[in-house]
Each structure stands twice: as structure tokens, then as C-alpha cells.
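Biologist: I'd like a close look at a single part of this model, please. Take your time with it.

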Amino acid sequence: MTDLFRSHLGDTPLSDEERRDLIPSLSTQRELNEFEFANIRSARDWARQPRRLAKADITSASYLIDLHRRMFNATWRWAGRFRTTEKTIGVSPVRLQSDLGALLGDARYWLEHREPIDETAVRMHHRLVYIHLFPNSNGLHARLVADLLVQKHNRPPLSWGAGTAATPVVRAAYLAALRQADQHDYGPLFTFARSGDLGS
Ligand SMILES: Nc1ncnc2c1ncn2[C@@H]1O[C@H](COP(=O)(O)OP(=O)(O)O)[C@@H](O)[C@H]1O
Ligand SMILES: [Mg+2]
């Protein structure tokens, strides 16, 4: 049996329909990861170009949607499309637009009032995964959003517990910190975003 769609700790499983939206023909999860990673890397390189980043409005819905589309457009047909089904994480699909609007209003307020950039980035990250705009890959997208915001404001890169949030120890610490943030306690997630080497 193929492990192509095996899900991971804290992941939202794909529906059958969403699985059918895989664009390339692949048979293992490793191939999928490699393919997806190349797609993400090209989007990240695009987004991080200094002149483009200087102009980018990271607090606009169109930017966030375009970023997800660019991260996954060679991999998934649902790249850059809002979720239409319920998931184990995330608000009801009918609330996506309004909850995103509220988040972006808050984020603009934090930026205008010169709240610490790291905190704004981490709060945006958490609220994006809490809302869960897209059928999948919200975590990857929302981490890149936070990374771009800190880079745009010339802050050192976030470490996310050592880079990828992919190893089990890092993943567990990350999910625990997100759950604390769900309870409005952002301390652990602020610490996690700047912590290193939890995975070794
Ligand atoms: N309790 C939680 N509260 C908020 N966000 C969560 C919680 N549990 C998991 N998440 C986030 O949801 C993501 C899983 O959703 P998914 O769309 O599959 O993203 P990805 O595939 O990029 O991990 C996790 O990576 C994490 O960012
Ligand atoms: Mg996932």
C-alpha cells in the first residue's frame, strides 16, 4: 500500500476529493515531500526578493492567497483556494472571509502601533492556522508568512525550534505551544519561534 497520504501529528487529513487534486503523478510520500518542497522553495525565493518584499502588503488577503497559490500551484489544484469543508482544526468554512478580515485588521493595528514585530508575526501565524483558510498546508504557509514579516522588518529569522518543525520532538513542542496560544497564552509560542535545536 502506498504511504502517499499518510498524515502526521497535528495534521488535517485530506478528503478523497482533495487527494484527487494532486497534480503530479507520484507514488510515495517521500516523492510528494520532495515535489512539494521544490514548489515551496520557488515561492519562497520569489517572495523573499528584497524589492518584492519591500513592496509586499503581508496584511492583505490577496497577498496571503497568492502566496499559498505560489507555494503549491504545481502540486495541488486547491493551491490558493479557500477550504469548503469542515476540518478537525479551523473555523467553519462560512467564517473564513470574516475571520481573516478580523485578523488582518488586528495585524495592521499591531504594525501601526509598533508592537514588537516578532510578536505580531507569531500572533498572525497562530491565528492563520487557527482559522485554517486552505484545505491543507496551512502550517507551512503560516510559518512562511511569519518568516516574511520578520524579514521585511529586518529582524533575524525565526528558528521554529530548529528550522522545519518536522521532527517529532519539535513538532510536539510546536503543537503544545499552539494549543497554549488557543487559550490566549502566547508565551510558549513566542519562545518556541525563537528557540533552537529542540530536535537533536
Ligand atoms: N491546536 C492547534 N491550534 C492551532 N493550530 C494548530 C493546532 N494543531 C495544529 N495546528 C496547526 O495546523 C497545522 C496542520 O494543518 P495543515 O493544514 O495540515 O498544515 P501543514 O500541512 O502545513 O502542517 C499544523 O502544522 C499547525 O500549524
Ligand atoms: Mg498537512
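Which helix gives the most to the shell around ligand 1?

Modeller: That's helix 8, with 4 residues; helices here are DSSP runs of H or I, at least four residues long, while strands are E runs of at least two, and both are numbered from the N terminus. Before going on: this is a predicted model, where local features need pLDDT of at least 70, side-chain atom pairs count only at pLDDT 80 or more, and totals for chains, interfaces and linings use all residues. Residues are numbered from 1 along each chain as its sequence is written, with chains lettered from A and ligands numbered from 1 in the order in which they are written.

Back to the ligand. Ligand 1 is surrounded by 15 residues, and the closest are Gly 10, Val 129, Asn 138, Gly 139 and Leu 140 (a residue is near if its C-beta atom, placed from the backbone, lies within 6 Å). Helix 6, helix 7 and helix 8 (168-182) each supply at least two residues of that shell. By class, the shell has 6 nonpolar, 6 polar and 3 charged residues; Ala, Val, Leu, Ile, Met, Phe, Trp, Tyr, Cys and Pro count as nonpolar, Asp, Glu, Lys and Arg as charged, and the others, Gly among them, as polar.

Ligand 1 lies between domain 1 (16-158) and domain 2 (159-200), because both give residues to its shell; the bounds come from an automatic or database domain assignment. The domain centres, taken over C-alpha atoms, are 18 Å apart. Across the boundary, 9 residues of domain 1 are in contact with 11 of domain 2, contact being C-beta atoms, placed from the backbone, within 7 Å. Helix 6 provides the largest share of the domain 1 side, 7 residues, and that side divides into 4 nonpolar, 1 polar and 4 charged.

Now for helix 6 and its partner. The axes of helix 6 (residues 117-131) and helix 7 (residues 138-152) come within 9 Å and cross at roughly 165°; axes are lines fitted to C-alpha atoms, for helices over the stretch in contact, with angles from 0 to 180 degrees between N-to-C directions. That makes helix 6 roughly antiparallel to helix 7, a label for angles over 145 degrees. Among the residues meeting there are Val 129 in helix 6 and both Asn 138 and Gly 139 in helix 7, and those three are also among the closest to ligand 1. The helix 6 and helix 7 contact has 11 nonpolar, 4 polar and 2 charged residues.

Terms used. Angles under 35 degrees count as roughly parallel, over 145 as roughly antiparallel, 65 to 115 as roughly perpendicular and the rest as oblique. Two residues are in contact if their C-beta atoms, placed from the backbone, lie within 7 Å.
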